[in-house]
Amino acid sequence: MVEKPITGSRKAFMTGNEIVTWAALASGADIMFGYPITPQNEVMHYWTRLAPRFGREFLQTEDEISAGFTVCGAVQAGRKAFTATAGPGNVLMQEPFGMAEAMRLPVVAVIQQRGGPSSGTVVYSQQEVTLTAYGGNGEGHRIVYSVATHQEIFDYVIKAFNTAWTYRFPTFVLGDGYQAKMREPLELYDPAERGIQLVPPTPLVGLPGAIGEDREPQHLCNIYSLEEELYDAVLRLEKDYQAMAPLVVEWQEKNCDHAELIVVSHGVVSRAADDAVQALRQEGVRAGFFRPVTLRPFPQQQLREALRRSGAGRLLVAESSQGQLLRLLRQELYGERVPIDALLMPGVGIVDEDIIAKVKSIL
Amino acid sequence: MIQPAMPKSWYAPTKPHKFCPGCGHGIALKALGEAIDELNIQNRTVFGCDIGCSLLAWNFFAVDSTQTHHGRTTPVMVGIKRSRPDLLCVGYMGDGGGYSIGSQHLLNSAIRDEKVTLILINNTNYAMTGGQLAPTTLPGQKTETTPYGRDVTKTGYPTKGPEMLAAITADGAYIARATVAKYRQLRTFMKRALQNQMEGNGFSFLEVLSTCPTNWRTNAAQTWDFLEDQMEAYFPVGELKSPFGKGEK
Ligand SMILES: Cc1ncc(C[n+]2csc(CCOP(=O)(O)OP(=O)(O)O)c2C)c(N)n1
Ligand code: SF4
Ligand SMILES: [Mg+2]
């Protein structure tokens, strides 16, 4: 009997990448497929060291296209498989992620955003929002959790496996190079001890029973002869996605009561926004905080309600990209009359002072 | 202060270069620079580098240069060559870039007999990203993603690029393997790999056995031993295919 990676719970002080590995182990992930890219490399480094101890597997593929498709194959075979990548690697994985959307494959991928376009930087950004949420030649039938703390990295990697295997849409944990590389305290735990049931994987091929006697053969496909057939297939995806959305959507809202302005941010920037809003409140500035935890599906109803309840007359978007969250907001808030200001810093970090100064320049 | 002689085609403002002490990249690029000088082709050479430690050479030469993506130097060079056959296109890449992520480009450009010169640095690992498994990692060799040593039953045997390319290319191709440990031979092979493109004979490919003390975690003596004893034993040095007469061993 192979030992459990984590029994009970314990405090740890780790980098984000190391936490991804522990969370994947705790989630019962069977196999990781990956290709080196900074700032994700240490996920593989820890996985290759730890996995054999717990009977798990690893393959370094020839590139990210292959890593993504081997994950597609492994989940079809009924194994909990995952990958981790960043930047140009995320670009290359859009082809397999598209297959996963079309064929309802519970692919799990951790994205540690780096600067772009092209090779950009290996350091940090929030420039992979559009790509992760809407990349590919489809309609964005994916789930994207944007994490902000090391505890969340652990919690949401575990959640991502469960969401993926419950709803069978590709599921992403969107982090960034800062979170990947910095160390922070957190609590590692055995999901069972927190009452979290791990959703068991089920295969799509290699099913038991004799074909023609016990069962029909599986014929899985992603291409259609007629426009109408595809149309029906996309509508089915959309219907299932919309039915799932309210069950997985997540957000955080703080200090929105009587707010004049609400700061909207996601991921690591939301920590600066949270600090900024608290500091502003202490100075008597009526700022509020809203953070989409799922970027896809987007908590649009919740943000509209926060606007209504608070009576806030303005929004401020703060993000480390040239408006990728801003575009999402405009699309999700269509019809609201609220003006949106933006603090856009592509590829560089944002601290509370940046946001405080921006808010003061507006109000 | 007396400085070592620099090839004329090196770009002096970017020297000293940024490779680690003991790195083989600098030696390979010196041989390339001297070959460019000798053939007097500085003004019509286009140098393309991959993403890998080769990217540190993006402004290394006083020749027109372009940085591409990891694994994509070959098609970018092919695009330039097909558009401007008068230019001499030199693609410079690592073993990960060439044999792994860019292997389809390497294979297909060789099959199509593209008239470009590709130089591939074999340092048995992914150096730029911190020392992971490369297609050329030796059996049993420890890397960041093979912490218990390369297990050939799980990841296969090291890629022998020149041998593979020699088998699929047309006559007129130039295919060789050199080592930074044999400088004069390295420079000769560099020159032939360029000359072959100048004469329009065919596809030209040179693998260079190189050193990476940083990721091998070796001192000077261990670095040299690994290169000369272990790497050369697995990867035989010499010309595998040459329109310039009998292959040199
Ligand atoms: C699509 C893509 N995947 C991964 C990377 C990350 N990456 C940068 S350099 C490199 C490996 C370089 O190894 P190699 O080609 O052997 O060159 P070396 O550094 O050893 O000279 C990788 C995987 C990238 N830049 N783009
Ligand atoms: S990491 Fe290795 S290949 Fe890269 S510059 Fe340093 S010694 Fe050279
Ligand atoms: Mg290499």
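Let's start with ligand 2. The shell around ligand 2 holds 7 nonpolar residues, 4 polar ones and no charged ones. Keep in mind that this is a predicted model.

Who is in that shell? Going by residue number, we begin with Phe19(B), Cys20(B), Cys23(B) and His25(B), which are among the residues surrounding the ligand. Cys53(B), Asn123(B) and Ala127(B) belong to the shell too. Then comes a run at Cys212(B), Pro213(B), Thr214(B) and Asn215(B). Which helix gives the largest share of the shell? Helix H8 of chain B, residues 213–216, with 3 residues.

Now to the interface. Here chain B meets chain A. On the chain B side, 17 residues make contact, and on the chain A side, 20 do. Together the two chains bury about 1,500 Å². Of that area, 51% is on carbon and sulfur atoms.

What about charges across the interface? The count between chain B and chain A is 1 salt bridge. Its partners are Glu144(B) and Arg49(A), whose side chains meet at 3.0 Å, N to O.

Which element of chain B supplies the largest share of its side?

Two things to look up in the structure: helix H8 of chain B at ligand 2, and the Glu144(B)–Arg49(A) salt bridge.

Note on methods. Residues are numbered from 1 along each chain as its sequence is written. Chains are lettered from A and ligands numbered from 1 in the order in which they are written. This is a predicted model: local features need pLDDT of at least 70, side-chain atom pairs count only at pLDDT 80 or more; totals for chains, interfaces and linings use all residues. Side-chain values use heavy atoms; hydrogens and water are left out. Contact means heavy atoms within 4.5 Å. Buried area is the accessible area (1.4 Å probe) that two parts lose on being put together, summed over both. A salt bridge is a side-chain nitrogen of Lys or Arg within 4 Å of a carboxyl oxygen of Asp or Glu. A residue is near a molecule or strand if one of its heavy atoms lies within 4 Å of it. Helices (H or I, at least four residues) and strands (E, at least two) are DSSP runs, numbered from the N terminus. Ala, Val, Leu, Ile, Met, Phe, Trp, Tyr, Cys and Pro count as nonpolar, Asp, Glu, Lys and Arg as charged, and the others, Gly among them, as polar.
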